[in-house]
Amino acid sequence: MKRNTWQREAVRDALDGTEGFISAQALHSALHASGSPIGLATVYRALGDLAASGDADCLQSPEGEAIYRACSTGHHHHLICRNCGLTVEIAADEVETWAQRVAAEQGFTAPAHVVDVFGLCAECSRQAVEGARA
C-alpha cells in the first residue's frame with residue numbers, strides 16, 4: 001500500500017477539482033500555477049498510483065495521450081466529448097452481457113474490459129452546426 005505523501009494528496013486534490021479528463025502535463029501546469037513546487041515526474045507517479053488503486057480513471061485520448069480524472073467507485077464507462085472534454089459516466093448493461101458471453105464462448109473466464117465512447121456533446125454539436133451555417 002502506498003503511503004499518502006503531501007505530493008500525492010496535492011495531485012488527488014487537483015484531480016478532484018478538475019472537470020473531465022486531464023493530462024499529467026496539464027495537471028502539473030495547474031498545480032504550478034497555484035504555487036505548488038511538485039515535479040512533473042511526481043505528478044505522473046501519483047496519477048499512476050491513483051489509477052492503479054481505482055481512485056482515478058485513466059484512458060487514452062484519441063490523440064494517444066494518457067488522460068486522468070477522479071472517478072466514482074464501481075465499474076463504469078464514459079461518454080467523452082472530443083472537443084470540450086465533457087465526460088459522462090454511463091452504465092452499459094448490454095456491453096457487460098456481451099463481454100461475458102463472448103469471453104465464455106471462447107473459453108475465457110473473469111473477463112474485464114474498458115469502454116469509452118468519444119463523440120461531440122450536445123453543446124459542441126450545436127456550435128459546429130451554427131459554425132457551418134455562418
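**Note on the predicted model**

1. Phe 21 touches Asp 57, Leu 59, Ile 67, Tyr 68, Arg 69, His 78, Ile 80, Gly 85 and Thr 87, not counting residues up to four places away in sequence, where contact means heavy atoms within 4.5 Å. The C-alpha atoms of Phe 21 and Gly 85 are separated by 6.5 Å, although the two residues are 64 residues apart along the chain. Phe 21 is found in the loop between α1 (6-16) and β1 (22-23), and with a relative accessible area of 13% Phe 21 is buried; buried means under 20% relative accessible area, exposed over 50%, and partly exposed in between, with a 1.4 Å probe and protein chains only.

2. This is a predicted model, in which local features need pLDDT of at least 70 and side-chain atom pairs count only at pLDDT 80 or more, whereas totals for chains, interfaces and linings use all residues. Residues are numbered from 1 along each chain as its sequence is written, and side-chain values use heavy atoms, with hydrogens and water left out.

3. The secondary structure comes to 5 helices and 6 strands, in the order α-β-α-α-β-β-β-β-α-β-α along the sequence; helices (H or I, at least four residues) and strands (E, at least two) are DSSP runs, numbered from the N terminus. The C-alpha trace spans about 55 × 50 × 20 Å along its principal axes, and 29% of the 134 residues count as buried. Of the contacts with a separation of 6 or more, 47% are accounted for by residues 24 or more positions apart.

4. In helix α1, Arg 8, Ala 10, Val 11, Arg 12, Ala 14 and Leu 15 are buried. The cover over the buried residues of α1 includes β1, α2 (24-33), α3 (40-52), β2 (56-60) and β3.

5. The unreviewed UniProt entry places the feature "binding site" at His 75, Glu 96 and His 113. Although these positions are spread over 39 residues of sequence, they cluster in space, the largest C-alpha distance being 10.0 Å. UniProt positions are given in the numbering used here, feature names are shortened, and annotations may be inferred rather than shown by experiment. His 75 lies in the loop between β3 (66-70) and β4 (77-81) and, leaving aside its neighbours within four places in sequence, is in contact with Glu 96 and His 113.

6. The structure holds 0 disulfides, a disulfide being a pair of cysteine sulfur atoms within 2.5 Å. For Cys 124, the closest cysteine sulfur is that of Cys 121, at 3.6 Å, which is too far for a bond. Cys 124 counts as buried at 7% relative accessibility, whereas Cys 58 counts as partly exposed at 40%.

7. Ala 110, in the loop between α4 and β6, has a phi near 50°, a positive value in a residue other than glycine. The protein exposes about 8,500 Å², of which carbon and sulfur atoms supply 54%; accessible areas come from the Shrake-Rupley method with a 1.4 Å probe, and for residues, only the protein chains shown count as cover. Val 117, which lies in strand β6 (residues 116-119), is partly exposed, with a relative accessible area of 38%.
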